[in-house]
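Q: I would like to learn how to read a few features of a protein model, one at a time. Could we begin with the strands and how they are arranged?

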Amino acid sequence: MLELRLVQGSLLKKVMEAIKDLVVDANFDCSASGFSLQAMDSSHVALVALLLRSEGFEHYRCDRNISIGMNLGNMSKMLKCAGNDDIITIKADDGSDTVTFMFESPTQDKISDFEMKLMDIDSEHLGIPEAEYHAIVRMPAAEFARICKDLSSIGDTVVISVTKEGVKFSTRGDIGTANIVLRQNTSVDKPEEATIIEMNEPVSLTFALRYMNSFTKATPLSNTVTISLSSELPVVVEYKIAEMGYIRFYLAPKIEEDEDEAIPQA
Amino acid sequence: MLELRLVQGSLLKKVMEAIKDLVVDANFDCSASGFSLQAMDSSHVALVALLLRSEGFEHYRCDRNISIGMNLGNMSKMLKCAGNDDIITIKADDGSDTVTFMFESPTQDKISDFEMKLMDIDSEHLGIPEAEYHAIVRMPAAEFARICKDLSSIGDTVVISVTKEGVKFSTRGDIGTANIVLRQNTSVDKPEEATIIEMNEPVSLTFALRYMNSFTKATPLSNTVTISLSSELPVVVEYKIAEMGYIRFYLAPKIEEDEDEAIPQA
Amino acid sequence: MLELRLVQGSLLKKVMEAIKDLVVDANFDCSASGFSLQAMDSSHVALVALLLRSEGFEHYRCDRNISIGMNLGNMSKMLKCAGNDDIITIKADDGSDTVTFMFESPTQDKISDFEMKLMDIDSEHLGIPEAEYHAIVRMPAAEFARICKDLSSIGDTVVISVTKEGVKFSTRGDIGTANIVLRQNTSVDKPEEATIIEMNEPVSLTFALRYMNSFTKATPLSNTVTISLSSELPVVVEYKIAEMGYIRFYLAPKIEEDEDEAIPQA
């Protein structure tokens, strides 16, 4: 038996909006420690990892580890029917082939039950080792989203280059070139407006903007985004989810002179 | 000669938005008592009845009963050209084949005259008898619109079930099922947020969501909607129009096990 | 060497939005006096003239007269990447085949360089003589835009008629006719809300609404628009740009009984 009650139900709505265009079907893994998901995007280029820790739920009951397969488009359709202030409860009985989403309005005058069929999904869980990164950039999530969107109007790929002074985002297309430089900036009024660079060595890597733009759909979840770069590893684009956990997106860099998309090395 | 002057012209704009997608051409009936319309939708499934009482107009002159046939799409195009604060006057001379809409800005610095050709439309006026209903639900109009929209993402029909405790809206589709329950709730800060149930006997009826969603285009006209249900009658979905009158939509319930749409029994 | 620094960069963004749909490619002319453009629309019916005087720039360096050919769609794509509060600098080296747009955020923490390829464009510069007009109407720009949009839902052309009392905009279409009259009105609280008519003799001219609607894309640049009418000249629709200059659109009247579009007589 599974019963997870999340007072801030809008978080779950935002999580679905963040990943539903990238991943079609996926297994959600429930254990005593939390509600998580790991899935490749449909073209097997990017990887999404989601964690919502059990402590973040008002009520969290998960009698045994269970994996529930859901179509994310359908799950999103149902969660869109929850009000932004609703409490959302996810329920599944042992052995049942359905999951129930219950939405309670703040006044308790409106109670909705949405029951969705589960799916059998083959998935292999990739171990993602802790790694050292050459550079880690923390910056306002909205600024990162704006940069990825702006560069997409010029080119298809972005080169992200980190030095001690700042981080540069570059692209090149038929109509010209674009370079956007953000300076390290820690002395801001609001901590979430800071751009903070931790760098062990300079790094310059190329990524498909299409995926970067897709990752930025998680922007409503967090004021800041953390981008971890290493020349030997996929980039990690992480959005923290309040006190509960995170969404992390992994994407392998493109090899220069090679227009094909590389397979992530996660 | 007909001359109807409506200070709150935005009401007429909202009325057109509420019915123009449901009804293509219709006769507006003008008499000493008011400006009214009764029309079937183009697929002859739903019925719309509109009444704007003469007392609601600042000036109301209607020398003799007259029926003016208009294309609602064209009428809507013209009324969209009125500002939201404009005074609207509807004018028609006896025997004329045109109607004039005059829009006056609040400062009187902008005066618009739109003249539209009238149409000859065959229509029979259905007598709608006063009836007893098994249950009458009054609820916030925006909540009803939200529920119809949400259920449409899951299924094609809605079952509306009323008991003393509350009203339940249910649907079923390929991806699962949905039940939304509103509790009777009369102790709210604002009267328009109440959900009030008058019930003689429990009732459970099925309707096409497509029509219900169409009816909810009248939501901007009123804070509340009243749904009158009886197993032997079409449902009535009524939006009151300020102090002036109402829009009522009639729709026959679907017979269970029967996927075809029934003809209203109005 | 050309280097033009504009603190209120959003002006340049608005200028591009105003003309990019009308003109595909155009030469911008830079001289000591300012940055200007004169171009026919792609169907050679309307003429656009833009002037940004050198005094309006924070820094203006233009060593010699130079004409730089740009695709306005591409230029607009790049300028859209500037923030609304950004300072924009336009730079071009002598003999270079590119132009650079630099965007600086107000905090100087984000610096963007967009480099665009220049084009060779044949253009002839038309002399536009100073002229006497029969009537000049100054009115709120948003009101003019609203009127052109509203009339477009009824007909294809607008007749603009000016008398001492006011200005009338009329159209006619399949569904009927429309007349919108604005009274001269100088006693308003805010000067930009005035409708002011200077008239030497009454005038009534017909124009294609398609072009008028296109001109109103300049509305965000100015609170007021000035319409100069003469039966022997193209109409001039002028939007002043703050303290810097203007955008002027020229369009020849349509000859009555003649459905073809006339060639401007500029």
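A: A definition comes before the case: two strands pair if DSSP finds at least two bridges between them. Please keep in mind that this is a predicted model.

Q: How many bridges join strand E10 of chain C to strand E16 of chain C?

A: Strand E10 (residues 135–140) and strand E16 (residues 224–229) of chain C are joined by six bridges, and the two strands run antiparallel.

Q: What is the strand order in the open sheet of chain C?

A: The sheet has nine strands with antiparallel pairing, and their order is E6-E2-E3-E4-E18-E17-E16-E10-E14. Its edge strands, each of which pairs on one side only, are E6 (66–71) and E14 (196–199) of chain C. From one strand to the next, the twist averages 15°. Helix H1 (residues 10–19) of chain C also packs on this sheet, touching strands E2, E3, E4, E17 and E18 of chain C, and its direction makes about 5° with that of E18(C).

Q: What rotation superposes chain A on chain B?

A: In general, two copies of a chain are related by a rotation about an axis and a shift along it. Here the rotation is 120°, with 0.0 Å of shift along the axis, and the superposition has an RMSD of 0.0 Å. The two copies are therefore related as by a three-fold rotation axis. In chain A, the C-alpha nearest that axis belongs to Pro220(A), at 17 Å from it.

Q: How many salt bridges does the structure hold over all chains?

A: The general idea is that side chains of opposite charge can pair when their charged atoms come close. Over all chains, the structure holds 36 salt bridges. One of them links Lys240(B) with Glu238(B), with the closest N and O atoms 2.4 Å apart.

Q: Is Glu238(B) buried or exposed?

A: Glu238(B) counts as buried because its relative accessibility is 11%, and the cut-off for buried is under 20%. Lys240(B), at 46%, counts as partly exposed.

Q: Which residues are joined into one network by salt bridges that share partners?

A: In chain A, such a network joins Glu17(A), Lys20(A), Asp21(A) and Lys217(A). In chain B, the side chains of Lys20(B) and Glu17(B) meet in a salt bridge of 3.8 Å, N to O.

Conventions
Residues numbered from 1 in each chain as written. Chains lettered and ligands numbered in written order. Predicted model: local features only at pLDDT ≥ 70, side-chain atom pairs only at ≥ 80, totals over all residues. Heavy atoms only, no water. Helix = DSSP H or I, 4+ residues; strand = E, 2+ residues; numbered from the N terminus. Axes fitted to C-alpha atoms, helices over the stretch in contact; angles between N-to-C directions. Contact = heavy atoms within 4.5 Å. Least-squares fit on C-alpha atoms with pLDDT ≥ 70 in both. Salt bridge = Lys/Arg side-chain N within 4 Å of Asp/Glu carboxyl O. Buried < 20%, exposed > 50% of the residue type's maximum accessible area, 1.4 Å probe, protein only.
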